[in-house]
Structures are given as structure tokens and as C-alpha cells.
Amino acid sequence: MSIAADINNTLPNVPVLACPSCHRLGIDFQFVGDFQTKIGYMAIWCPFCLHGIHISRVRIPEKTQALPFNTSAEEISRRIPNFTHVKPDG
Ligand SMILES: [Zn+2]
């Protein structure tokens, strides 16, 4: 969860974050949500080891490029890889 906090606290200039699983730099993330209610979900993943987390019902920050909920699954899968879900920070 600390990565999620780091991202939210530093938008729109999120620093390069290290993956808690493989320790490589380059955590990626994407918000997907409803632009009216500003509620959606956030996916955070490591493009190297493909571990990540999915956080539902988050507020979509103003300063990010979010995808709308009606984005096709195909398009979302082009942006968000099919990663292995890990438990938030232990
Ligand atoms: Zn990793």
C-alpha cells in the first residue's frame, strides 16, 4: 500500500519506484474510473516480474491520465498487463 500512497502523494510527477518483489525500478500504474464521480480503481504493477496490486474504490486524482470505465477490455489489457496479484505490503 505504501507504493499507492507514494504515487498518490507525488502525482503528477511520480518518481521511479522500485518493485517490492524484484527490486527493479519502474513500477507502472493506471487509474480506471468514472470521470463524473471520480471513483474508480487503481492498478499498480511491475513490468518486469509482473506482480502487482489492484485497489478498488479509489478516488481518481485530478492530475493523472485515467481511463474511463467504458474503455474496452481489449484496450485496458493493452495498457494493464495480466499481472499476479500480491498482498499489499507485508
Ligand atoms: Zn518486480
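This is a predicted model: local features need pLDDT of at least 70, side-chain atom pairs count only at pLDDT 80 or more; totals for chains, interfaces and linings use all residues.
Trainee: Why is Leu50 called partly exposed?

Mentor: Buried means under 20% relative accessible area, exposed means over 50%, and partly exposed is in between (1.4 Å probe, protein chains only). Leu50 has 32% relative accessibility, so it goes in the middle class.

Trainee: And what makes its backbone worth a look?

Mentor: Phi of Leu50 is near 55°, a positive value in a residue other than glycine. Most residues other than glycine have a negative phi. Arg57 in strand β3 also has a positive phi, about 50°. Its relative accessible area is 69%, so Arg57 is exposed.

Trainee: What makes the zinc site tetrahedral?

Mentor: Start with the donors: N, O and S atoms within 2.8 Å of the metal (3.2 Å for Na, K and Ca), with water not among the atoms, so sites may look incomplete. The SG atoms of Cys19, Cys22, Cys46 and Cys49 lie 2.2 to 2.3 Å from the zinc ion. Four donors count as tetrahedral if all angles lie between 85 and 135 degrees. Here the angles are 104 to 117°, so the site is tetrahedral.

Trainee: How do you know that the site links separate parts of the chain?

Mentor: Cys19 lies in the loop between α1 (2-10) and β1, and Cys46 in the loop between β2 and β3, so the pair ties together parts that are 27 residues apart in sequence. Cys19 is buried at 2%, and Cys46 is buried at 1%.

Trainee: Why is the Arg79 and Asp28 pair called a salt bridge?

Mentor: A salt bridge needs a side-chain nitrogen of Lys or Arg within 4 Å of a carboxyl oxygen of Asp or Glu. The closest N and O atoms of Arg79 and Asp28 are 3.1 Å apart, and the pair qualifies. Arg79 is in helix α2 (residues 73-79) and Asp28 in strand β1 (residues 28-34), so parts 51 residues apart in sequence are tied together.

Trainee: How many salt bridges are there?

Mentor: Two. The other joins Glu62 and Lys38 at 3.9 Å, N to O. Glu62, at 60%, is exposed, whereas Lys38, at 31%, is partly exposed.

Trainee: What makes β4 and β5 edge strands?

Mentor: Two strands pair if DSSP finds at least two bridges between them. The open, mixed sheet runs β4-β1-β2-β3-β5. β4 and β5 (84-85) each have a single partner strand, so one side of each is left without a neighbour in the sheet. β3 and β5 are parallel over two bridges, and His51 stands opposite Thr84 in β5.

Trainee: Is Thr64 buried or exposed?

Mentor: Thr64 is buried, at 19%. Contact means heavy atoms within 4.5 Å; leaving aside neighbours within four places in sequence, Thr64 contacts Leu11, Phe29 and Phe31. Leu11 is also joined to Pro12 by a cis peptide bond, with omega about 0°.

Definitions and conventions: Residues are numbered from 1 along each chain as its sequence is written. Side-chain values use heavy atoms; hydrogens and water are left out. Helices (H or I, at least four residues) and strands (E, at least two) are DSSP runs, numbered from the N terminus. Four donors count as tetrahedral if all angles lie between 85 and 135 degrees; four count as square planar and six as octahedral if opposite donors are over 155 degrees apart and all others between 65 and 115; anything else is irregular.
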